[in-house]
Amino acid sequence: MTRTLVADLPSHLDETVTVYGWINTLRLQRRMQFVLVRDHTGLVQVTHARGGEGDEIEAAFESITAETAVKITGKVVDSPQVKLGGLEIIPERVEVVSPAEPKLPIDEHTGLDQRLDWRFLDIRRPSQHLVFAVQTTVEQAMREVTAEEGFTELHTPKLMGTASESGAEVFKVDYFDRTAYLAQSPQFYKQMAIAAGIDKVFEIGPVFRAEPSFTSRHATEFTGVDAELAWIDGVEDVMAFEERLLQRVLQKVSERHGDAIREHFGAQVVVPQTPFPRITMADALTKLRATGWDPEGAKDDLDPEGERKLSALIAEETGHEFVFVTRFPASVRPFYHLRPEDDPTVTESFDLLWKGIEITTGAQREHRHERLIAQAREKGMETEPLASYLNCFRFGTPPHGGLGLGLSRLLMLLLDVPTIREVTFLFRGPHRLEP
């Protein structure tokens with residue numbers, strides 16, 4: 001038997017085909033049997049007129065259960081009254097490949113935690129298939145842009161001999177006779193590649209954060225999108241690159257999946273115009289406090305409420321879903337962020353907010369060895385554990401900058417779902433290591 005995908009059935013009218021898939025629903029009437037079969041490309045109705053005693057197809061459909069894996073051979077016929085593509089299959093043979101138990105552990109009313117327990121069943125839903133089709137398109141578009149712009153894709157180690165950036169929020173791993181750490185960022189390795197003379201580097205890979213956080217946008221393991229660019233004139237070069245990247249991503253997703261996203265999630269994919277709005281942190285704080293946020297004036301960074309309010313204000317003023325918040329205070333940024341000559345109390349860094357949620361952190365990095373040492377010590381950090389990183393700046397490192405973007409947050413906002421759990425294949429959080 002040669003398999004025919006459901007999506008290809010319109011080109012096989014009046015032909016006999018074999019469809020592989022799962023039983024979606026059964027409607028077994030007194031004279032007719034209507035069975036919906038689902039594969040990863042869609043649904044098709046299989047219609048059988050009961051033949052009575054000795055009818056093997058009738059008997060098969062009477063004993064079959066939802067989610068049973070089947071192969072169905074039959075003739076594709078034109079049926080304008082059928083809503084699923086105006087066609088149906090008249091079966092000639094039904095083969096049960098693998099039966100499903102009669103009682104399924106989840107259905108459309110099941111809560112998220114239980115659905116995650118049975119994730120392989122949950123993902124059989126067409127909407128969940130769409131999530132990962134969109135994710136594939138997102139990553140393809142990102143690789144198109146980086147390839148066009150001369151990036152080299154690297155795969156950095158996820159086991160580290162010292163905790164990256166700081167001693168907090170890292171997982172410790174037994175590593176032979178010593179302790180290793182799961183990488184919370186490829187940051188230092190990206191910069192090592194820049195010091196090695198690779199002008200632009202790019203990676204899509206796993207990131208680990210030992211944060212006991214239970215919010216809708218945090219995970220202990222997630223996929224990060226990281227880029228680093230050498231010989232930049234300033235942080236503006238990094239922001240402009242991200243604008244080009246996201247514009248291409250959303251354009252590709254809109255073209256390929258826009259109608260399906262509207263159908264399954266009720267979300268409209270908006271391809272953004274460039275440049276995105278920009279606002280300094282100081283101006284953002286002033287604007288927010290005018291609305292009553294942080295009335296004591298104690299905060300020097302944005303909390304989730306501040307991010308939502310700021311995005312709403314910018315959207316109202318500009319009609320834009322994105323906004324770059326720039327020039328974060330040095331006190332809330334890592335030691336390796338470059339500080340401008342005109343104001344060393346801030347950094348040449350940014351967050352990108354989309355629909356009220358931070359999806360990217362980026363910056364121009366400090367590329368001068370002596371200043372890196374001074375800034376690390378200023379933050380009370382021991383420089384000895386950082387030796388292999390700091391050595392990269394002893395022998396001529398160009399000015400550079402980059403960004404890190406959370407893939408699951410991007411998907412969550414793109415599809416307008418309430419949590420990254422819905423757009424992660426197998427979610428990992430403080431209380432979830434299974435399945």
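I began with the second largest pocket: its lining divides into 12 nonpolar, 7 polar and 4 charged residues. Here Ala, Val, Leu, Ile, Met, Phe, Trp, Tyr, Cys and Pro count as nonpolar, Asp, Glu, Lys and Arg as charged, and the others, Gly among them, as polar.

I worked from a predicted model, in which local features need pLDDT of at least 70, side-chain atom pairs count only at pLDDT 80 or more, and totals for chains, interfaces and linings use all residues. Residues are numbered from 1 along each chain as its sequence is written, and side-chain values use heavy atoms, with hydrogens and water left out.

**Second largest pocket.** I noted a volume of about 500 Å³. Thr41, Gly42, Leu43, Pro126 and His264 lie nearest its centre. I found α6 giving the largest share of this lining, 5 residues.

A pocket is an open set of points on a 1 Å grid over the protein atoms alone, where a 1.4 Å probe fits, with protein on both sides within 12 Å along at least five of seven lines; lining residues have an atom within 4 Å of a point.

**Largest pocket.** I read a volume of about 1,200 Å³. Of its 49 lining residues, Arg209, Glu211, Arg333, Glu358 and Thr361 are the closest to the centre. β15 gives the most to the lining, with 7 residues. α8 is among the elements that supply at least two.

**Serine 311.** I placed serine 311 in α8, residues 304-318. Its relative accessibility is 8%, so I count serine 311 as buried (under 20%, with a 1.4 Å probe, protein chains only). The side chain of serine 311 reaches the backbone nitrogen of glycine 356 at 3.1 Å.

Note on methods: Helix = DSSP H or I, 4+ residues; strand = E, 2+ residues; numbered from the N terminus. Buried < 20%, exposed > 50% of the residue type's maximum accessible area, 1.4 Å probe, protein only. Polar contact = N/O pair within 3.5 Å; in protein donor to acceptor, adjacent residues only side chain to side chain. Points joined across faces, edges and corners; volume = space filled by probe spheres on them.
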